[in-house]
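The following exercises ask you to read a model step by step, from its overall form to a single residue. Try each task before turning to its solution.

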Amino acid sequence: MEQSKEDIGTRADLCLYRIQTAKESLKSAKILLEAEEYKGANNRSYYAIFHAINAVHALSGNSFKRHKDTIGNFNKNYVKTEIFPREIGRKIGEAEEIRHASDYDDFYIAGQEESERQVMIADEFIRLAEKYCMEQIKLDDRNGY
């Protein structure tokens, strides 16, 4: 099947779609938190962060098959270079660990305070990622990319 030019989006389109997906995951996390489903809230908070990271990667055309590679590349190219604050790199690592424990550790007990923190971190990161993405898209528009 042949794709028409209208079917092919830009990197900016993909970035904005992924930001929207991140926001939807965050909304789900908040609903789960309100329902006292803390493990589920931790999962959706992590995936909100993950989709926002992928939004940033979309702008550079990078894509990774494994979560480890996605986060590792983000830390190397965006946190270590201080495009994003170093503190956010630590928070992302923590969110990944909590999500993994929530999803796979049989006796892990997720609590309200921890889940509230994960939702706040996801919200903070989405805001940072969206701000970065919008700035980059505007730069690309001005430079004719």
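**Exercise 1.** What percentage of the 145 residues of the protein count as buried?

*Solution.* The model is a predicted one, and the cut-off to apply is a relative accessible area under 20%. By this criterion, 39% of the 145 residues are buried.

**Exercise 2.** Describe the secondary structure and the overall dimensions of the protein.

*Solution.* Begin with the elements: there are 5 helices and 0 strands, and the order along the sequence is α-α-α-α-α. Next, consider the extent, for which the C-alpha atoms fill a box of roughly 50 × 40 × 25 Å along the principal axes. Finally, compare the radius of gyration with expectation: a compact globule of 145 residues would have a value near 15 Å, and the 16 Å of the protein therefore agrees with it.

**Exercise 3.** Which share of the contacts between residues at least 6 apart in sequence joins residues at least 24 apart?

*Solution.* Taking as contacts the pairs with heavy atoms within 4.5 Å, one finds that 68% of those between residues at least 6 apart join residues at least 24 apart.

**Exercise 4.** Is Asn-43 buried or exposed, and which residues does Asn-43 touch beyond four places away in sequence?

*Solution.* First locate Asn-43, which lies in helix H2, spanning residues 38–60. Its relative accessible area is 13%, so Asn-43 is buried. Then, leaving aside residues up to four places away in sequence, Asn-43 touches Arg-99 and Asp-103.

Notes. Residues numbered from 1 in each chain as written. Predicted model: local features only at pLDDT ≥ 70, side-chain atom pairs only at ≥ 80, totals over all residues. Heavy atoms only, no water. Helix = DSSP H or I, 4+ residues; strand = E, 2+ residues; numbered from the N terminus. Rg over C-alpha atoms; globule rule 2.2 N^0.38 Å. Buried < 20%, exposed > 50% of the residue type's maximum accessible area, 1.4 Å probe, protein only.
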